[in-house]
Amino acid sequence: MISLPLREINTNMGNKSLKYLFLFILCVLLQVLIFNRIVLFHIAVPIIFIYFIIRLPINLKLSYVFTLAFLLGLIVDIFSDTPGVNALACTLIAALRLPIYYAYMNKDDTTNRLTPGVTTMGIMAYSKYLLTFIVIYSVFAFTIEYFSFADVKGIVIMSAASSVFTFIILLAVDCLIPVKS
């Protein structure tokens, strides 16, 4: 039996934490500085910052997932002048993360330790997982933003267009950046 020294284990955990911190900051900066300014046909807005929540390991404690998702949404809310919309929507998708994941993956010991991605889940399962995540987020966020069901058609069109636009971008990013389990 080969055992790793404790220092190597702590270094590995530190490297993963730094990787996720970098991804958190990158997603926020890209969303706030670039993607908030892109509006396709005046209806579709790419929502790429949720990629951070999607990329979190499945076996990460729920308390961490909720905290990180809320902070992510709150920071984007602060810089986007959307009071609480993204924080609430991010917290919702954090709560639905595991049920969505296990709707497309078998629940066993090997899938429990994965980080969702094309390379770990396969293109079809990951595409379904990603699209479900994005659609739930978009519908919820746009409904809260409108705060009314008076313009249901507008909410549906914006949600659908933003979901497709975001899906294409995030799937392309994930295909370019391999995920290690």
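Predicted model: local features only at pLDDT ≥ 70, side-chain atom pairs only at ≥ 80, totals over all residues.
View 1. L171 counts as buried because its relative accessibility is 17%, and the cut-off for buried is under 20%. Leaving aside residues up to four places away in sequence, L171 touches V118, I123, Y126, S127 and L130. Have a look at G117 as well: 54 residues separate G117 from L171 in sequence, while their C-alpha atoms are 9.0 Å apart in space.

**View 2. Helix α6 packed with helix α7.** Staying with α7, we now bring in helix α6, residues 123–146. The two helices pack at an angle of about 140 degrees, and their axes are 8 Å apart. Their crossing is right-handed. On the α6 side, the residues are I123, Y126, S127, L130, L131, I134, V135, S138, V139, F142, T143 and Y146. Sorted by class, the contact of α6 with α7 holds 15 nonpolar, eight polar and one charged residues.

**View 3. Helix α3 packed with helix α4.** Here helix α3 (residues 62–80) packs with helix α4 (residues 85–104) at an angle of about 155 degrees, with 7 Å between their axes. The pair is therefore roughly antiparallel, a description used for angles over 145 degrees. The crossing of α3 past α4 is right-handed. From α3, the contact draws on L62, V65, F66, A69, F70, G73, L74, V76 and D77; from α4, V85, N86, A87, C90, T91, A94, A95, R97 and L98 take part. These residues divide into 13 nonpolar, three polar and two charged.

View 4. Most residues other than glycine have a negative phi. F41, however, has a positive phi, near 55 degrees, and D81 has a positive phi near 55 degrees. F41 is found in the loop between α1 and α2, the latter being residues 51–55, whereas D81 belongs to the loop between α3 and α4. Are these residues buried or exposed? F41 counts as exposed because its relative accessibility is 69%, and D81 also counts as exposed, at 69%; the cut-off for exposed is over 50%.

View 5. The protein averages a pLDDT of 87, and 88% of its residues score at least 70.

**View 6. The whole chain, for orientation.** How many helices and strands does the protein have? There are seven helices and zero strands, giving the order α-α-α-α-α-α-α from the N terminus on. Of the 181 residues, 41% are buried. Among contacts between residues at least 6 apart in sequence, 70% join residues at least 24 apart.

Terms used. Residues numbered from 1 in each chain as written. Heavy atoms only, no water. Axes fitted to C-alpha atoms, helices over the stretch in contact; angles between N-to-C directions. Helix = DSSP H or I, 4+ residues; strand = E, 2+ residues; numbered from the N terminus. Parallel < 35°, antiparallel > 145°, perpendicular 65-115°, else oblique. Left-handed = near helix turned anticlockwise from the far one by under 90°. Contact = heavy atoms within 4.5 Å. Nonpolar A, V, L, I, M, F, W, Y, C, P; charged D, E, K, R; others polar. Buried < 20%, exposed > 50% of the residue type's maximum accessible area, 1.4 Å probe, protein only. pLDDT = per-residue confidence, 0-100.
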